[in-house]
Amino acid sequence: MPAITFQRIKEDEKTRARRGRIITPHGIIETPVFMPVGTAATVKAMKPEELKKMGSPIILSNTYHLYLRPGHEIIREAGGLHAFMNWDRAILTDSGGFQVFSLGAMRKISEEGVTFQSHLDGSTHLLTPEKSIEIQEALGSDIMMAFDECAPYPADREYVKNSLERTTRWLKRCVDYQTSQEKQSLFGIMQGGMYGDLRKESARQIVEMDLPGYAIGGLSVGEPKAMMYEVLDSSTELLPKDKPRYLMGVGSPDCLLEGVERGIDMFDCVLPTRIARHGMAMTSTGKVNIKNQQYQRDFGPLDPNCTCETCQNYSKAYLRHLFKSGEILSSMLMSQHNLFFLLNLMENIRKSIEENRFLEYKKTFLERYGEY
């Protein structure tokens, strides 16, 4: 039996949106779900206890970063990532592929894997499909991602075709190297860039392996949103209905809604905490830039419709003061609000699917919020 199972609870009558449930060794995940990103075994500026209080059932951590520091063997000795960071709910670890491919001139791709220089000290490392699985097994995540090559945008057809075929070969090596499907589930990743026929071929190759779940990779890498939606329109239909579908690296409210409409179950992104550290908040009426002069004497909350602890206890004037003063509390409070906002958005989306009013909810939300 795989470590995770997926239940389809309800399908929207007018779209491909669906309400589901993923059962993992560390709890139940109600879907569609947004996963906060804890790159280095921490969601920036947030304690695990705060994330649990606001209802996050799963977080994402990063194989590349944890391999370089503190090292997967240290985390294994600590009892795995759950024990190391005091998080008793589900964890998904990405393979490290996106990070090493983002290094540009600091990495070299071969059939064996990717040789790269550490961004920390310049030391040279080889990350292979087998090494990625070895690290993720040491981390003990509930869901592991296969090592893949994320083609850049734009990229010519021949490059993307070769890239996706290598990704499939690497996936087979990941499957062969995995030691236990009962403790951790391995997801495959569809590639194919912006080429519909290559997406179809990638899906055919990875679905043949009958994995517990599948991700759509190679999107949100600089292409226009309209192009991403067009690729999604055809991509989700290529993946099994009885397995969770994960759109990697997407987290703005409009993209979450568009992804759900097309049948996506899982999302992740650093966006909410990254923009929080720069003084930006997501609210029910759109974005708020707390740096703006207009908030100097605004003693109301970031969002009067929000029940997070930040909005219940602190004013925009105070938050602006914290940011202008360079206080750490600014990042903490703004991150808390943005994560709560997205988790609450997903809860409302789930309810709207259950009640057959998803499109109505999407329309109302976007009329107030606008496009990110």
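This section describes the overall fold, the sheets, selected residues and the cysteines of a predicted model.

The secondary structure of the chain amounts to 15 helices and 16 strands. Its radius of gyration is 20 Å, close to the 21 Å given by the globule rule for 372 residues, so the chain is as compact as a globular protein of that length. Along the principal axes, the C-alpha atoms fill a box of roughly 60 × 50 × 40 Å. Buried residues account for 55% of the 372 residues of the chain. The contacts also reach across the sequence: among those between residues at least 6 apart, 66% join residues at least 24 apart.

Eight strands form an open sheet with parallel pairing, in the order S4-S14-S13-S12-S11-S10-S6-S5. Its edges are strand S4 (33-36) and strand S5 (58-62), each of which pairs on one side only. From one strand to the next, the twist of this sheet averages 25°. Within the sheet, strand S11 (residues 185-190) pairs with strand S12 (residues 213-216) in the parallel sense, over four bridges. In this pairing, Ile189 stands opposite Ala215 in S12.

At the edge formed by S4, four bridges connect the strand to S14 (residues 266-269), and the two run parallel. Both faces of S4 are covered: Val33 and Met35 lie on one side, Phe34 and Pro36 lie on the other, and all are buried. Met35, which belongs to strand S4, has a relative accessibility of 0% and therefore counts as buried, the cut-off being under 20%. The bridge partner of Met35 in S14 is Asp268. When neighbours within four places in sequence are left aside, the residues in contact with Met35 are Ile58, Leu92, Tyr246, Met266, Phe267, Asp268 and Cys269. The C-alpha atom of Met35 is also separated by 9.0 Å from that of Gly251, a residue 216 positions away along the chain.

A further open sheet consists of three strands in the order S7-S8-S9, with antiparallel pairing. Strand S7 (107-109) and strand S9 (124-127) stand at its edges, each with a single partner strand, so one side of each is left without a neighbour in the sheet. The twist in this sheet averages 15° from one strand to the next. Strand S8 (residues 114-117) is joined to S9 by four bridges, and the two strands run antiparallel. Here Val114 stands opposite Leu127 in S9.

Thr24 was examined for its local surroundings. This residue is found in strand S2 (residues 18-24). Its relative accessibility is 8%, and Thr24 therefore counts as buried. The side chain of Thr24 reaches two backbone atoms in the residues that follow: the nitrogen of His26 at 3.0 Å and the oxygen of Gly27 at 2.7 Å. With neighbours within four places in sequence left aside, Thr24 is in contact with Ala3, Ile4, Ile29, Ala90 and Asp142.

The structure holds zero disulfides, a disulfide being a pair of cysteine sulfur atoms within 2.5 Å. For Cys174, the closest cysteine sulfur is that of Cys150, at 15 Å, which is too far for a bond. Cys174 is buried, with a relative accessible area of 0%. For Cys311, the closest cysteine sulfur belongs to Cys308, at 3.7 Å; because a disulfide requires the sulfur atoms to be within 2.5 Å, this distance is also too far for a bond. Cys311 is likewise buried, with a relative accessible area of 7%.

How values were computed:
Residues are numbered from 1 along each chain as its sequence is written. This is a predicted model: local features need pLDDT of at least 70, side-chain atom pairs count only at pLDDT 80 or more; totals for chains, interfaces and linings use all residues. Side-chain values use heavy atoms; hydrogens and water are left out. Buried means under 20% relative accessible area, exposed over 50%, partly exposed in between (1.4 Å probe, protein chains only). A polar contact is a pair of N or O atoms within 3.5 Å; within protein, one must be able to donate a hydrogen and the other to accept it, and residues adjacent in sequence count only if both atoms are side-chain atoms. Contact means heavy atoms within 4.5 Å. Two strands pair if DSSP finds at least two bridges between them. Axes are lines fitted to C-alpha atoms, for helices over the stretch in contact, and angles run from 0 to 180 degrees between N-to-C directions. The radius of gyration is taken over C-alpha atoms; the globule rule is 2.2 Å times the number of residues to the power 0.38.
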